[in-house]
Amino acid sequence: MSSCAESFNGLILRALGRDFGDRLLPRGLEINFCDQVFLIASGLIWNVYFAALALFFGFFLAVAVALGKTSPSRWLSRPAEAFVFLFRGSPLFVQFFFVYEALVLLPRAGIEIGPITMDTQWMTRAWAGALFVLFLNTSAYTAEIFFGALKSIPKGDLEAADAYGLAGWTKFRRITFPTMLRLAWPSYTNEAIFLLHATTLVFFSAFPAWQQMGDALYYANYFAAQTFNPFIAYPLVGMYFILLTLGVIGLFGVVNRRLNRHLPRAARARLRFRPQYIR
């Protein structure tokens, strides 16, 4: 019991840096089961960080892109369509490598914007660069979900808004946006779950972990290499992500019930998890 308590105190926040736990990771015969449980759990901090921030900022960009796609102006619709096509048409894994290489090569090439030399060194860290890629990727997928929801808004709702004299921002805030969210929320929940799972790709991407500040898969791979036993660390990662997925479903389910509170119970949209195996 004391060994588990020591592992918890020394490793549960170790993914945030050496100032938050043991300076040296356990090695070889020193490794026990509790070390793997708590250090891999510590790495989940970064997976949640990537998913939460990418979803939060991506939501607003996705709304803007979806509105751009529905705009009658080609100056807005064409760039929005190109953005969605680019990030939905290329694999996320390739996007990681492309962005990393671009961020590394731009300063070496001495590329300048006006009098400012592009310094992208800080963006080559996983906490910034990988987050940026995930943000753009989920923005594109979410924008397509929102675009489909916007096109599916019943015409009767919009005509009723016009009949009540609602227009412009008021119409969007009180009719268009809430209806779009209500229609899109089940699919958006699946996108949030996929994004959470996609954060494990950061370990395989070109973005390096800085000073052993890695995600859950980073530490699982470390333990598998140290103990030559992958049948503890990797199942732990899977178990943790199942628990996180259940948490996302529960949290988004609360929002879904809130969005559909005005509908009869039989007419309320239910959340159904549909995993995407290929993207």
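Visitor: What is the relative accessible area of Lys69?
Guide: This is a predicted model, with residues numbered from 1 along each chain as its sequence is written. Local features need pLDDT of at least 70 and side-chain atom pairs count only at pLDDT 80 or more, while totals for chains, interfaces and linings use all residues; side-chain values use heavy atoms, leaving out hydrogens and water. Buried means under 20% relative accessible area, exposed over 50% and partly exposed in between, with a 1.4 Å probe and protein chains only. Lys69 counts as buried because its relative accessible area is 13%.

Visitor: Which residue forms a salt bridge with Lys69?
Guide: A salt bridge requires a side-chain nitrogen of Lys or Arg within 4 Å of a carboxyl oxygen of Asp or Glu. The closest N and O atoms of this pair are 2.8 Å apart.

Visitor: How many salt bridges does a search of the whole structure find?
Guide: Another joins the side chains of Asp162 and Lys171, at 3.1 Å from N to O. For the whole structure, the number found is two.

Visitor: Is Lys171 buried or exposed?
Guide: Lys171 is found in helix H7 (residues 168–198). Not counting residues up to four places away in sequence, it touches Leu158, Ala161, Asp162, Leu166 and Thr176, where contact means heavy atoms within 4.5 Å. Its salt-bridge partner, Asp162, counts as partly exposed at 45% relative accessibility. The relative accessible area of Lys171 is 18%, so this residue is buried.

Visitor: What is the phi of Phe228 near?
Guide: Phe228 sits in the loop between helix H9 (216–227) and helix H10 (230–259), and it is exposed because its relative accessible area is 73%. Most residues other than glycine have a negative phi. For Phe228 the value is positive, near 55°.

Visitor: Which residues make the nonpolar surface patch of about 400 Å²?
Guide: Patches are made of residues with over 30% relative accessible area and no salt bridge, joining like charges within 9 Å and nonpolar side chains (Val, Leu, Ile, Met, Phe, Trp, Tyr) within 5 Å. Accessible areas come from the Shrake-Rupley method with a 1.4 Å probe, and for residues only the protein chains shown count as cover. Leu246, found in helix H10, is exposed at a relative accessible area of 53%. The patch is made by Met239, Ile242, Leu243 and Leu246.

Visitor: Which element of the chain has the lowest mean pLDDT?
Guide: The pLDDT is the predictor's confidence in each residue, from 0 to 100; the chain averages 89, and 89% of the residues score at least 70. Over residues 113–117 it is below 50, and this stretch has three contacts in the model beyond near neighbours in sequence. Helix H2 (residues 33–70) has the highest mean among the elements, 97. The lowest mean, 45, belongs to strand E2.

Visitor: What percentage of the residues of the chain count as buried?
Guide: The secondary structure comes to ten helices and two strands, running α-α-α-α-β-β-α-α-α-α-α-α from the N terminus on. Among contacts between residues at least 6 apart in sequence, 77% join residues at least 24 apart. The chain exposes about 15,900 Å², of which carbon and sulfur atoms supply 65%. Of its 279 residues, the buried percentage is 43%.

Notes: Helix = DSSP H or I, 4+ residues; strand = E, 2+ residues; numbered from the N terminus.
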